[in-house]
Amino acid sequence: MLFDYLTRGVKAGLLAGVVFGLLMAGVANPLVAHADALNHDGGGDGHHGHSHATGGEGEAHGGGAVPTAVNRGASVLAGGLWAVLLGGVFFGVVYYFLEPAIPGTGATKSYVLGAAGFVTVSGAPWLVLPPVSPGAQQSLAVSTRLPLYAGMMIVGALTCLLAGYAYNRTCESKGHAAGVAAAMLPFGLLAIPALLAPTNAVSGGLSPALRHGLTGLFVFGQALLWLLLAVGHAQFTDHANDGSEIGVPSSPADEVTTAD
Amino acid sequence: MSTANTVHGRIERARVELTPTQVAAGALLVLALGFTLLFVQEPLVHDSMHNFRHAAGITCH
């Protein structure tokens, strides 16, 4: 049964991955390349001073260490694989274990999990470390930002679990509307770690309009990704079969080993 | 009934269905993927995903 769930999750991931890959290829790639070009034309914006893993001086992103075509191709591929990974992990494994506890019925469960996944992987970490535009200087070191990002992912996941728990408990006694209200409360708690975390000052050579536009695009891209994962997953899941799926295998052959 | 429709039931069911080797292999796979995503600082790999890491909102420079 776990294997069926995993298959559905990966299928949803493939669907979302194709679309997200197209978004990478058609919109994100050209825009990031354009921003990189602006950064290099501008000079003196400190871009050359940043210490990358290579320690190389004046390393040209999207044109220096690797050919542009490789960068673009790998980014599109990575975008597709990113969706497959999220689909497999969230809509495969996590959905399998948490399905009985996820609020809602039928397709709603897919969308709730999609929202929770977005909050966990992107939303909560972005409260502390919003997506930055290419070439921007960040005051926190990479060695600080990586644990910070990972820590906020854990906080986001716990918040979503707490919200689900609050919904289920409140819904039992006080009804649906009160349950939704109770589920909203834990998300307010996200403000606490967001305020306590060290501030990451960002400065860049790009114009504010372009910077905000790029950040908006990155937020939109990830939100779209999770929406597509949820839509795909809802489509691929036979919700009419929800209740009976557990006790009565739909096709006896694939459940033989677990019939006990 | 170990296959009741609860989270606990799901865990029980997974325990019955999966061998410890499969669980270990799956955990290792996820760990390896996460490790790759986070820590591949090999400049060639890292830089070739430059555009994607911006689009995903996870930047390391």
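Which helices of chain A each supply at least two residues of the nonpolar patch? In this predicted model, they are α4 and α6 (191–196).

**View 1. The nonpolar patch on the surface of chain A.** The patch is formed by A:Leu162, A:Tyr165, A:Leu189, A:Ile192 and A:Leu196, which together have about 540 Å² of accessible area. One of these residues, A:Ile192, has its place in helix α6 of chain A. With a relative accessible area of 48%, A:Ile192 counts as partly exposed, because values between 20% and 50% fall into that class.

**View 2. Helix α4 of chain A, residues 142–174.** This helix has 33 residues, and at 1.5 Å a residue it should span 48 Å; its end C-alpha atoms are 46 Å apart, which agrees with that expectation. After α4 comes A:Gly175, whose phi is positive, near 100 degrees.

View 3. In the model, residues 110–128 of chain A are 100% helix and 0% strand, with the end C-alpha atoms 27 Å apart. Residues 179–197 of chain A are 89% helix and 0% strand, and here the end C-alpha atoms lie 30 Å apart.

**View 4. Chain B and its four helices.** Chain B has zero strands, and along its sequence the elements follow the pattern α-α-α-α. Of its 61 residues, 33% count as buried, while the accessible surface of chain B comes to about 3400 Å², of which 75% belongs to carbon and sulfur atoms.

Terms used: Residues are numbered from 1 along each chain as its sequence is written. Chains are lettered from A and ligands numbered from 1 in the order in which they are written. This is a predicted model: local features need pLDDT of at least 70, side-chain atom pairs count only at pLDDT 80 or more; totals for chains, interfaces and linings use all residues. Side-chain values use heavy atoms; hydrogens and water are left out. The expected span of a helix is 1.5 Å times one less than its number of residues. Buried means under 20% relative accessible area, exposed over 50%, partly exposed in between (1.4 Å probe, protein chains only). Accessible areas come from the Shrake-Rupley method with a 1.4 Å probe; for residues, only the protein chains shown count as cover. Patches are made of residues with over 30% relative accessible area and no salt bridge: like charges are joined within 9 Å, nonpolar side chains (Val, Leu, Ile, Met, Phe, Trp, Tyr) within 5 Å. A salt bridge is a side-chain nitrogen of Lys or Arg within 4 Å of a carboxyl oxygen of Asp or Glu.
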